[in-house]
Each structure stands twice: as structure tokens, then as C-alpha cells.
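Start with the structure itself.

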There are 2 protein chains.
Amino acid sequence: MKKILLLGAGRSATVLIDYLLSNAQTHGWHLAIGDVTVTHLEAKLQQHPQTRAFAFDVQNQEQRITEIGQAEVVISMLPAQFHPLVAETCLALGKHLVTASYVPPAIKAMHPEAQAKGLTFLMECGLDPGLDHMSAMRIIHHIQRQGGTVTSFKSFTGGLMAPESDNNPWHYKFTWNPRNVILAGQGTARYMEDGTYKYIPYPQLFRRTQTFQVDGFGFFDGYANRDSLSYREPYGLQGIDTMLRGTLRRPGYCQAWQVLVALGLTDDSYPLENPAHLTYRALVESFLPASSAALPLKERVAAYVGLPATSAELQLVEWTGLFDELPIGLEMATPAQALEKLLVPRWRLEPGDKDMIVMLHQFEYTLNGEQKKLTSSLVVLGEDEVQTAMAKTVGLPVGIATRLLLEGKLTSTGVVVPLQPDLYEPILAELETHGVQFTEREEESASAF
Amino acid sequence: MKKILLLGAGRSATVLIDYLLSNAQTHGWHLAIGDVTVTHLEAKLQQHPQTRAFAFDVQNQEQRITEIGQAEVVISMLPAQFHPLVAETCLALGKHLVTASYVPPAIKAMHPEAQAKGLTFLMECGLDPGLDHMSAMRIIHHIQRQGGTVTSFKSFTGGLMAPESDNNPWHYKFTWNPRNVILAGQGTARYMEDGTYKYIPYPQLFRRTQTFQVDGFGFFDGYANRDSLSYREPYGLQGIDTMLRGTLRRPGYCQAWQVLVALGLTDDSYPLENPAHLTYRALVESFLPASSAALPLKERVAAYVGLPATSAELQLVEWTGLFDELPIGLEMATPAQALEKLLVPRWRLEPGDKDMIVMLHQFEYTLNGEQKKLTSSLVVLGEDEVQTAMAKTVGLPVGIATRLLLEGKLTSTGVVVPLQPDLYEPILAELETHGVQFTEREEESASAF
């Protein structure tokens, strides 16, 4: 009986749990699931023998040691900041670990010891990071095996809404941690273009978008991720001229978000004075110069950000309720926290809502002296507001990787990211059976991008 | 023989040293001056008995204890980050301390112990902070003694160039730490206007200026300081509707600086890739989107920031050399460090250059049911590039306060800021004998500001 411990059973774990349950009996797995609350799991687990759900507090060292001590593989879907703590305990007790999050320095430092102990700490094995690595590396390795050289690689991913559920003017709802969406892009984005290092400061980020088209799904705007450069070496693309990773939104979103950024509403660095006594309308006033003119607020915001009051951007901002006499209702709040509270109910998935994951890779490479272009795209649609495309594309790679690990098919040890064929080949192959399939297209002419 | 220890003998200490030397014999003071290098002081001190200059390393605990142990009053003109270390030793050895810098939390925490030991740690006793507090408090106390209520207080200070030495298109040269000028305003400026808290994010700061006029000296633009709010309570202005502190520049400076901010050139949060192999022209390119058009760099920058290429802003930016094939020549540099290296030689005081300090206070108050306005302004001109107005207005208040302390005329103990009459009255009175004199004007009609 192989014991799996899953820590974290939130929104993005639904499909992972179903995958693990559907495989448990065949493979003789015991599954234990710990989270702050697990009442929502009890009905589901009753139908499955050899499963257990329990209230888990990651900060409780005794419980952490007891539970991890009983497992063979630990999957952590907890918020990323808890992974070092979980990894430390896994290291001490000799347990494998799988997560869908970036490798933090604290876990990177565990590589030699994990390797010495024959442990696999498989990180970045979800959607982004995860599926992006795997699908890109399959193409990069294919080009390199033919003797080609990749000169340009752009990769964009977005968690969006399926066309049938895309019913608000931002064309966006939260399928991921809302706070991370509010704070997205803060810092300076760094990438390479035509052999030159490029930097985009946060205040310019959402006006520096690129437009893409996906057959059957229309247009998308992509903005640059903070770090496009650190994957050059892991991807084996050290000498590449252009490398850019980014995030997709529907057209209109970035332009309107830029208004919120320019006002200062995404700032998380200081607490507002007296937010409990403020309305959103008054909060917007706080970011504008005092005005003796009796112009409506919307017009003053428009003038401040240099747009017409009738522009689509201002319509989207107005739709959020920011211009309304709506109490913030928080005792303590940064501007970003106040904005999050406003947007959460407006961008909430409704029952039956279907989300959509879009991933796009654009390669340029030289092969036998010829310039070539290759695009690879993925669209995954959610089934409803629980079985989301997000939960599917994050959870399935984690689940499949866990299976490979338990079957002894994953032999790399230490801190591992799914860049090598022994990982990406079986995971991508099994994903295709779940409808997660990339479409590749060679282009001879100038790119449509 | 009263012993004074002066730590830090840099640019802003020249006038302070002269003041202390000119008073030493009359008052029977011994003056010891420690700094990283003091060779520039030796000739000057030779003419003065009972003085001593020595190489000083603030991190050397033994030397710190020995030197502070011999003094009665310690004046620290070291960079502000060293003040807690100096204050700690003063506290342990029972010595008074005078500085021209803001009270950091570490020193604030020493208040009870300093008070218990009968020590005076007089902080914020230079120009800004210092003279701004003293001159404002004299007016605030005067209004309050008459029974008036201050409803609005705006205060701006600038370290600029005297008209005869104002010979570059930015109308600015460094009379203060260049790094602090480059990083000025980062974070979010907070102030109050008409009873509303106002926030200005850094990317908007240099376009949110106010214009002021000073008789005989023309126009100035003021931008908000990061913190205008924390002085409400110390100033006794808790219920005030409008409170704004800021920095003055000559018209044109802020608008052009805004271009550098928008490009990302003042960012100090990350190191550039390969700055040793970059020119400033290439650095500017790094902040622009890749362009297939063969437009000149200046035109692309202008389009990016939404200004005509022929605008004054672009002329000022071009003047710095940013568009030139000029090597950065630094092995490691943030964008802000690269910009500092470019500007230091261009904004350097030339022999004979005279600087200028401008301070402006604007009060609105009610008295006997009437609305009143009062403005107070100060202009101090430097004598040359050494005896600067900056050195005078920073050094004299420190020197005078030290004299008061040694004469037993300053009896407040603990951590003290010069907000009370026993401090500001004698200091302001003696400053007038040095030509540092405010001009006050009551205004009945609408403010010219």
C-alpha cells in the first residue's frame, strides 16, 4: 500500500483529487488529504476506501512530522510560501515531494541533500510553471535533435473564461488567487529581444502588450512576466536572441488595468488611512489632485490618465464600482487589498461557468541555413466552476507525475523541474488522453503574431 | 575646557566647522574632528589651537568609544545610517548628541533612557529637517497664541543654484548627496488636502507639481515629499485640513525628470545585465519596445512618453548625454546608479559657483472668524562652491544648537526635535545675524500660489 499525502485541497486541487482517487484502487494507493478545512471533501471520500481527510495546520510541527512521516510521496498544493517548511520535513524524514510552484531559493538549496538521500523533489509541475516547460522543451529538443538552433522563443499563458461564460466587460474572472492577480507584474519585467536586454517598469507594463490570435478563439493581449531570462540556461537556450514569457488577457483588460495601476490602486506597500470610513469613490478621489472644477469623477479620472471619458478603459473601470459610494468596509487595507475586495464578487465564477486556459509558444529557429517559424497552442476549457480548466491543467500534471514517481518511472533525484523527456513525454502523452493537447503549426511566411 | 567631537567633515560641514572654530576660543571649546579622511582640514586647523583632526572609522568600536568618551557633545554629520551606532555609544557613555538628520526608529527608542540619564539627543536640527521646523513653529505658535487656528500648511524647500550660477538647462546642480537626488520621491507621497488624504504614486509624482513665485527670484515647481502627515501631531496641527511638505525645483526640471522616471532610469531595485558593455544610448534602448521603424532614438523616446521630440523635456534629457554612444563604464550598476554616474559630472559645482536655498511656507488660518493667509519665504545664497548656502543652512543651526547645549541653555532631555521656543527662538535669532532671514507677508486676497 503506497501512501500519498496531499496537503492543500483548495480550488486548484479538485481535478488532482479526482485523478488520485480514480487511480487509487488500481494502483493500491492510500490517499490522505490535509487542509485547513476538509468538510467539503468528506462526502466525496466516503465512497473511496483507503482515503482520509483531516484538518491540517502546516505550522503545527508535531502534526507535520506525524503526517509526512506516514507518507511515501507528499504533494503540496498549499500556498507557495509554505513549501520550504514542507520540503524541510520531507528532507528530514526521507519523503518525495511534488508541487506546482516555482523553486524558491530555500528549496533549491536542498538539492544536494535530497539527491544524497535518493529523494525526488519535483517542483514546477503544474500549468505555469509546469505544462509550459514540458510543452516547450518537447519542441526545443525536437528542433535541437534535427540540428536546428532556436533564435527566438516567446511563450504566453492565460487563465481566462470560455467564450460561453465570458460575460463581463473585462472578459475575466478569478480562477486563481485574486491577490496574485491584483499584484501581477509588480517589479520590473526583464526579457531579451533581438539580442538586447529589455526592461519594462511596472507602470508601463500593461501598455506594452503584444496581440496574438488563436484559431477559433479570437484575439489575446500578452504582457511580459517579471522574469523571462532565468529559463535560458535550464532550457538550453543560452545564446538566444529573443526570449519572452508572459501572461494573456482578452483585449481591453490590460488597457483598463493600466488605469488602475496609474491611479495607484494596485499598490500594496502602505496602509490607507481610515479605510473603514472610505467609499471606493472617495478612494479614487485620494489619488487625484484636488480640483476646484465641478467635473464628474469619471471625467477627472479620464483627464488624469489621458483618456476620453467615453473610452472603453473608463467604461471597464466604472463597471467595477470604483466610482460608486460603496463602502470599502475594511478596518485595515492597502490600496491593493481594497481593490481585491471590490473585484472578488464581480469576477467570481458563477455556477456553471466554464473557464479557459490558453497557452501559446512561438519559436523561430534556423535549420540547414533556413529561417523557420513554429507555433504551438493549447486551449483547454473547463467543465464547470469546480472542474475548471485551471484545476485540470494544474492538477493533472501533478497527479501524473506522482503516479510516475510511485511506479518508479521517475528516477531523477534532488530538486527536479520537468525539463527532461523522461518526465515530459509520459506526462504530455497522458494529458492528451484527458484532452490537453497542443496544436503545432509550421509557418513559412511572416508570423501572424 | 568643553570638548566637542564632530564626526563627518564632508561638503555640508564646511560652514559648521568654521562656526565652531570661530567660537572655540571665546567659549573655551576643544574641537576634535573625525572623518574617513581629514587631510583637507589640516591646514585650516593649524591656525587654531585646541583643535585636532583624525581619521575616523565609525565601525571601529574601540575608536568610537575612545573618541566619544573624551567629548562632552558629539555632533554627527555622518551619513544618516550611522547615527544609531553613534547614538548608542553616546547613550552608553553619557554624551549629548546633535545631528541634522531625521529621527530613525532606533534613536526614537532611546528617548526614555536618554531622558533618564539627563542627555540631550537633538535631531533634525539642520535645514530640512531643521530650519523648516523652527521657522514653521514660530509662525504656528504665533497664530495659536493669538487664538487662531491653522487650517492649511504647505511647506517647500529646495537646494538650487543662485541665478548667476544657474547655467545649465535643468537649472540644477548637486549640492547634496547625488544618490538621494536620483532616488528622490520613490515610494508613495502622502499628504492631506481639504480634509482628504491624498496619495501620489511615484510614477505620477513629478507631473503633480505646484508652481510658486518668490519676489526677485522667479518661479519654482514643488513636488510632494513622501511623508507630509507625520508632522501634524509634533506641530500641534492634528485637525488640519491641508498639510503638504515638498521639494522645490526650477520649472522644467520635474517635467524632464518625469521622462527619466517613465523610462525606468531611476530604478534602483535590480542590477542591469552587462552594464560594462553598454552605452547610455543602448541603456535607453533597453527601456523601449523593439522598433522596426528607423526613427531616431530621441523621437522614439518622445513618442513613448507622449511628448513632441522638440519639447523642452526631450531637450533636457538629450543634454544629459543619455542618447549618446557613451560607455556606462560600471561593472555593476542599477539603472539609478548608471544615471547617477552620468549626471554627477554634468551637475557638478564649478569653482565660484553659488548655490541657493529656497524655503517657502504657506499658511491659511482662521482668526476671530476671519480667513487669513500668511506666507513666509527664505532665500539664502552661497558664497562659492565650498561655502554653500546648503552648508550654511545645514551647519549653522547645528553649530548654534551645540553652543546652546554647551552653555546650558538647552535643558530638554531625551530625543529632541527643535519645535519648541527655547530652541527655535535663539537659533532663528542668531541665524538672522548670518543673513538667514525669513520674509513674512500677510495676504488678504487669494493667494498668489
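Between domain 2 of chain A and domain 3 of chain A, five residue pairs are in polar contact, both partners at pLDDT 80 or more. The model is a predicted one.

**Between the domains**

Helix 8 (178-183) and helix 9 (202-205) of chain A each supply at least two residues of the side of domain 2 that touches domain 3. Helix 8 of chain A gives the most to that side, with five residues. By class, this side of domain 2 of chain A divides into 10 nonpolar, three polar and two charged residues.

One salt bridge is counted between domain 2 and domain 3 of chain A. The side chains of D268(A) and R179(A) meet in a salt bridge, at 2.5 Å from N to O. The assignment puts domain 2 of chain A at 131-251 + 352-389 + 437-443 and domain 3 at 256-346. The C-alpha centres of these two domains of chain A are 30 Å apart. Contact involves 15 residues of domain 2 and 18 residues of domain 3 in chain A.

The area buried between domain 2 and domain 3 of chain A is about 1,500 Å². Which residues of domain 2 of chain A lose the most area to domain 3? They are W170(A), R179(A) and I182(A), together 45% of what that side buries.

**Between the chains**

The two interfaces can be set side by side.

| Interface | Buried area | Share from carbon and sulfur |
|---|---|---|
| Domain 2 and domain 3 of chain A | about 1,500 Å² | 68% |
| Chain B and chain A | about 2,600 Å² | 50% |

Y199(B), E273(B) and Y304(B) supply 24% of the area that chain B buries against chain A, more than any other three residues. In all, 30 residues of chain B are in contact with 31 residues of chain A. The count of salt bridges between chain B and chain A is zero. Polar contacts between these chains number 20 residue pairs, both at pLDDT 80 or more.

Several elements of chain B each supply at least two residues to the side that touches chain A, among them strand 8 (188-193) and helix 10 (253-263). Strand 9 of chain B brings the largest share, five residues. That side of chain B has 15 nonpolar, six polar and nine charged residues.

**Symmetry**

A rotation of 180° with 0.1 Å of shift along its axis superposes chain B on chain A, with an RMSD of 0.1 Å. This is the relation of a two-fold axis. In chain B, the C-alpha nearest the axis belongs to P203(B), 3.4 Å from it. Both copies use the same surface: 100% of the contact residues of chain B recur in chain A.

Definitions and conventions
Residues are numbered from 1 along each chain as its sequence is written. Chains are lettered from A and ligands numbered from 1 in the order in which they are written. This is a predicted model: local features need pLDDT of at least 70, side-chain atom pairs count only at pLDDT 80 or more; totals for chains, interfaces and linings use all residues. Side-chain values use heavy atoms; hydrogens and water are left out. Contact means heavy atoms within 4.5 Å. Buried area is the accessible area (1.4 Å probe) that two parts lose on being put together, summed over both. A salt bridge is a side-chain nitrogen of Lys or Arg within 4 Å of a carboxyl oxygen of Asp or Glu. A polar contact is a pair of N or O atoms within 3.5 Å; within protein, one must be able to donate a hydrogen and the other to accept it, and residues adjacent in sequence count only if both atoms are side-chain atoms. Helices (H or I, at least four residues) and strands (E, at least two) are DSSP runs, numbered from the N terminus. Ala, Val, Leu, Ile, Met, Phe, Trp, Tyr, Cys and Pro count as nonpolar, Asp, Glu, Lys and Arg as charged, and the others, Gly among them, as polar. Copies are superposed by least squares on the C-alpha atoms of residues with pLDDT of at least 70 in both. Domain bounds come from an automatic or database domain assignment.
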